[in-house]
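Good morning, and thank you for coming.

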Amino acid sequence: MPQPDWDVEVDEDDDEWDEDDVKVRATRRSRPRTKIRPKHEHAQEGFVTAVDRGRYTCLVDDRVVTAMKARELGKQSIVVGDRVGLVGDRSGNAGTLARVVRIEPRHGELRRSADDENATERVVVANVDQLVVVASLIDPPLRYGFVDRCLVAAYDAGVAPVLCLTKHDLAPELVAEARAYYSQLDLTITTTEPEAPLEDLVELLRDKENVFFGHSGVGKSTLVNRLVPGAGRAVSEVRSIGKGSHTSTSTVSFALPGGGWVIDTPGVRSFGLAHVTADSILKAFPELEEVAQDCPRGCTHTPEIGDCALDAAIGPDDPRAGRLASFRRVLASLHEADTKN
Ligand SMILES: Nc1nc2c(ncn2[C@@H]2O[C@H](COP(=O)(O)OP(=O)(O)OP(=O)(O)O)[C@@H](O)[C@H]2O)c(=O)[nH]1
Ligand SMILES: [Zn+2]
């Protein structure tokens, strides 16, 4: 077959141009330029397990590779859980640096706004299947408003939520109240305590990509250390809880021994939900979503407005009334002051 007089080189090296390379090569007259830009088709897939000041820890096959973001990705953010395309030195040897040239399409993004007023959102983690809200029954006390807001974030993202109630040893009598509060939501609730085996939680997490979310001091790191021997997450002293100390400062993903992943996030006090809408929450309530087809355009689905189809269709004796009340409660948590949680 005759060769064209220009070459679209496909050897690995040339597949890895970035803007810097292109500039250098442009001055080399001997080689005709082509308009065909390399698409990095030889980029190797990696899984982002940690992000720290512009350095991305990626798992490539079984190697831990440190990478930076290629300039061509601009302001696109890379988060823990991302599947990325990597070029450059992927040996994982000390001191080497690969380049992230591509972010694969995501599913299950969890986002948060800067605060409730500012809808500028950022993705916190990507490609998660399950959001595990970790809340202690006591010390710090269980804050339903915070849990509700986490549920809102999960429903909005289309990610299944699980509630993990820690410190069961300190206040077993509080579990029934929590179960009653969430009885109308399809919410899986599990409890943990130091002396009891974690098998229920292990089963819930198996083969899934899970993210732990919760206030500082509720016991997230304690759980990760038990689930992933050798994870080495720092655990805070009980006496410093509630004094604004945050032990975990970065988001890190750990492989679970039985398969799947768990992402530990730094303890948070609250998170903004300005980007969430009533309709995105409604997706988690399919039987209500169906009824809401008859709502006026732009309906906020709050009882105050008077013409929400949910109120017209679902009376107090309707079997869906409990679900509607739960939907409305979760919806209300959207509008509660962020700081109250
Ligand atoms: N009694 C009891 N104490 C627990 C339990 N789980 C965690 N703790 C204690 O609670 C304190 C806080 O636990 P951490 O695991 O550091 O909490 P965290 O959620 O990771 O906190 P941040 O790293 O700040 O986000 C530690 O002193 C733990 O020993 C539990 O189930 N029962
Ligand atoms: Zn409505």
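A residue is called buried under 20% relative accessible area, exposed over 50%, and partly exposed in between, with a 1.4 Å probe and protein chains only. This is a predicted model, in which local features need pLDDT of at least 70, side-chain atom pairs count only at pLDDT 80 or more, and totals for chains, interfaces and linings use all residues. Residues are numbered from 1 along each chain as its sequence is written, chains are lettered from A and ligands numbered from 1 in the order in which they are written, and side-chain values use heavy atoms, with hydrogens and water left out.

Of the 341 residues in the protein, 48% are buried.

I turn to the zinc ion, ligand 2. Which atoms coordinate this zinc ion? They are SG of C295, SG of C299, ND1 of H301 and SG of C308, at 2.1 to 2.4 Å; donors are N, O and S atoms within 2.8 Å of the metal (3.2 Å for Na, K and Ca), and because water is not among the atoms, sites may look incomplete. The spacing of these donor residues in sequence is C-x3-C-x1-H-x6-C. The arrangement is tetrahedral because the four donor atoms subtend angles of 102 to 115° around the zinc ion, where four donors qualify if all angles lie between 85 and 135 degrees.

Are C299 and H301 buried or exposed? C299 has a relative accessible area of 10%, so it is buried. H301, at 3%, is therefore buried also.

Finally, the contacts, meaning heavy atoms within 4.5 Å. Among those in the protein with a separation of 6 or more, 66% join residues 24 or more positions apart.

Key. Four donors count as tetrahedral if all angles lie between 85 and 135 degrees; four count as square planar and six as octahedral if opposite donors are over 155 degrees apart and all others between 65 and 115; anything else is irregular.
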